[in-house]
Structures are given as C-alpha cells and as structure tokens.
Amino acid sequence: MALIRLQTQHFRNLAPQSLRLSPSVNLIYGENGSGKSSFLEAVGYLGLGRSFRVNRHDAVVQHGEAALTVFGEVTLPAVDEAREESHRIGYSRNTTERETRLRVDGESVRQLSTVAQYLPVSVIDPGTFEIVAGGPGRRRQFLDWLVFHVEHGFASDWQRLQRVVSQRNKLLRNDRMDESLLRLWDQQYVELAERVTATRSRVFEQFLPCLQSLIGEANLPWAESIGFDFFRGWDRKTDLGDVLRNHRDQEHRVGHTQYGPNRADIRLRLAGRPVSETLSRGQQKTLVVLMKLAQARLLCEKGTQCIFLLDDINAELDESNRALLASRIRDLGSQAFITSIEPPHPEQLWGDARPDFKVFHVEHGKLTEE
Ligand SMILES: Nc1ncnc2c1ncn2[C@@H]1O[C@H](COP(=O)(O)OP(=O)(O)OP(=O)(O)O)[C@@H](O)[C@H]1O
C-alpha cells in the first residue's frame, strides 16, 4: 500500500498543491516552522481521520478558513494475477458546521473505517514514546490500531461497545438508578466486551512473536527479559457479569463504567516492575521502535503494508535506533515519510542499500521536489 498523490486545501500553513509521492521513501526537509509536521499530519488525516498532534480539528484548519480538505490516491499491490489497484480517498472537515465528509472513488461514505482501512499509517513522533512511558490509554490505542487493520469486524464491535458504555454511564450517573434497565444494558455490554476482548487477545497473540523475533534480531539482552501481557480490563478469573454485579455500588458512586475493555492494557514489566520505572529513556525509545516495527511486520504477514510517518526522528532517536528503524522499513518494503531540519543524507540511514526515494524541500508551506 502506498500513497502516491496528496492534495490539501486549507490545512495548517500548507500551500494548496498536488504532489506526486514516492511509493517508497519520501524525505522532507525544511526550517523550523516551514510545514514538515503539517505535511505528515495531512497524510495522517487520511489514515486516522484526525490529527496525531492535537485533539481538535479547529487547530488544523488554516487560520481564517472554515474547512480543511485532504485528498489522496492510494495504490494496493497486485495480488496473484490481479492488477495493481488504485483508490482515490478524500477527507474534509468543516469546523463551523462540525461536519465531516468522506469519499472513496468519488462516492460518499459514512464510516471513517472505510477510508482508514486504505491507509494504515504508523506515526513515530515525540508523543509516540508515551506508549511505554504513559498510561494504559496509549497502549490500548496502539493495540486497537493493529486490531482494526488485522480484524475487519473490530471497528463496528468497538463502536457498538462505546455506545453501550455511554448508555450504561448515563444510568449509573442517575441518582435513582433503574436497576432492571441496567441489567438489560449489562447483558449487551458483557456480550460485546467479550467479543472485543477475544479479538484483541487473538491479535495480541500474533503480535507477540513478531516483537520477540525483532528483539532477538536486534540482539538486545535487556529486552529479552521484558514480560508482555495483555490485560483485558477486569480480573482474569472472574466473569465480567459477576464483576459488574459485585461492584454495582462502587460504579454507581463514581458514575461510570469501571470494568471492561476500556480498562484494557498491554502490561510491560521487567524484574517485577513496569518498564517505565526500570528501563532508561533510551531503552524505552528502542522498545517503542521495536513495538512499532512488530505491528508493521504482522500487518505485512497479513498482506498489508503499513505507511510510516517519522517526524523529526533525528531529535528523538540516536543513530543506532534510526538505523534499526530505517533498515527494517526498507526490508518490509513499507512507504515512509521522514522529516528533518537539515538536508537529508540517505546514505547515513541505509549505506549503499538505499531504497528508492524522493526528496522534498519545504518553505512557507510549499513542498518542492529536488
Ligand atoms: N491552523 C493553522 N493555520 C495556519 N498556519 C498554521 C496553523 N497551525 C500552525 N500553523 C503554522 O504552520 C507552520 C508550520 O508548522 P509545522 O509544525 O508544520 O512546522 P515544522 O516544519 O514541522 O517545524 P519544526 O521543525 O519546528 O517542528 C508554523 O509556522 C505554524 O505556526
């Protein structure tokens, strides 16, 4: 999978332009504030339907405008006798009317997941390192991104689960809680929670060998002792229905659902402690790089190529981590967008075994191919 053309309108400081991109590596350089991260963010919008930098669309729409548009052309590799497929995907967001429009091949589509499936973008930027250093939410997001791209029914189960949680929470917040109604919602909640959990757990079991083989190949003895466990969000030995019944008063007091898939985590431990307390900052970053690569490897095994967005990795990663990332991305044959302030030196990343690449210089939001 590769994004071969990108067009944006009213996106941050980016000039309206249509760019032909390399299906392999795209190196984007420019001064601070020129628009490098904005360009990656625009690519990310097509794959995530949101910014990977901020929570609100308002910050991303060009100052003084009401709506942003991102349009891309994606190619999917030929399978067996079939010819290479290509799709046109579009995303626009009007922040005044709070309206999102999605298009695939000229047709309107309703679900973001329909668009997102064409572009599995994997971001590595300063915020990514929170996967190890931060709370469970970041690791859930990390796992769910993978589950979404591996198991196509997951998105609808997950959305239904969120709707049921929100109904449950409304009941739990009510002073005069309707116990019989809550029991009905609990039935649906437990059923969906088990389905979502089984899917997550299945994908996690496939992800783990990919991660372990990457750790072995990188020859990192400290990483070999890390324990990786999927925590489903409630006690391992107890049925979720029983947990909910046993904690009815507690959930009513706090006014929201406290047990289930929205509490799931990937627990990373070394010597009995969370790795965020035991590994050095540099080791934590290496671990995140390996986890990101393991996602890509699993997707690759499933016939899907992930697209890497690497924002200013020179500032975040040392030379050995950069080389690890670059060589594995090349071996996977993944498309990558890599930003830097200085003009890029591909030979420093890949030596003589360089993949095909294009270089773009960014000035005042305008990208020029060199
Ligand atoms: N909504 C917006 N409308 C117009 N311009 C914006 C908007 N949001 C941010 N900008 C401006 O866009 C410019 C590009 O920001 P961006 O973060 O993409 O730069 P960058 O090249 O990645 O810089 P750095 O190397 O410092 O990370 C900045 O000057 C910023 O002030």
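Helices (H or I, at least four residues) and strands (E, at least two) are DSSP runs, numbered from the N terminus. I am working with a predicted model, where local features need pLDDT of at least 70, side-chain atom pairs count only at pLDDT 80 or more, and totals for chains, interfaces and linings use all residues. Residues are numbered from 1 along each chain as its sequence is written.

**Entry 1: two loops**

I started with Arg98, in the loop between strand E5 (85-94) and strand E6 (99-104). Its phi is near 50°, positive although Arg98 is not a glycine. Most residues other than glycine have a negative phi. Next I checked Asp105, in the loop between E6 and strand E7 (107-109), and phi there is also near 50°.

Buried or exposed? I took C-beta atoms placed from the backbone and counted the others within 10 Å: 20 or more is buried, 12 or fewer exposed, in between partly exposed. Arg98 has 8 such neighbours, so it is exposed. Asp105 has 10, so it is exposed.

**Entry 2: domains**

I looked up the domain assignment (bounds come from an automatic or database assignment). It gives domain 1 (1-120 + 305-370) and domain 2 (126-151 + 201-304). Their C-alpha centres lie 26 Å apart. Contact here means C-beta atoms, placed from the backbone, within 7 Å. Domain 1 puts 13 residues into the contact and domain 2 puts in 14. On the domain 1 side, H13 gives the most, with five residues.

I also sorted that side by class: Ala, Val, Leu, Ile, Met, Phe, Trp, Tyr, Cys and Pro are nonpolar, Asp, Glu, Lys and Arg charged, and the others, Gly among them, polar. It comes out as seven nonpolar, three polar and three charged.

**Entry 3: H11 and H13**

How do these helices cross? I used axes fitted to C-alpha atoms over the stretch in contact, with angles from 0 to 180 degrees between N-to-C directions. H11 (residues 281-301) and H13 (residues 319-332) come within 10 Å and cross at roughly 0°. They are therefore roughly parallel (under 35 degrees; over 145 is roughly antiparallel, 65 to 115 roughly perpendicular, the rest oblique). Among the residues that meet are Val289 and Leu293 in H11, and Leu324 and Leu325 in H13.

**Entry 4: the core**

A nonpolar core is a set of buried Ala, Val, Leu, Ile, Met, Phe, Trp, Tyr and Cys residues joined through C-beta atoms within 7 Å. The largest has 80 residues, and Val43, Leu119, Leu290 and Ala294 touch the most other members. H11 supplies the largest share, ten residues.

How values were computed
Two residues are in contact if their C-beta atoms, placed from the backbone, lie within 7 Å.
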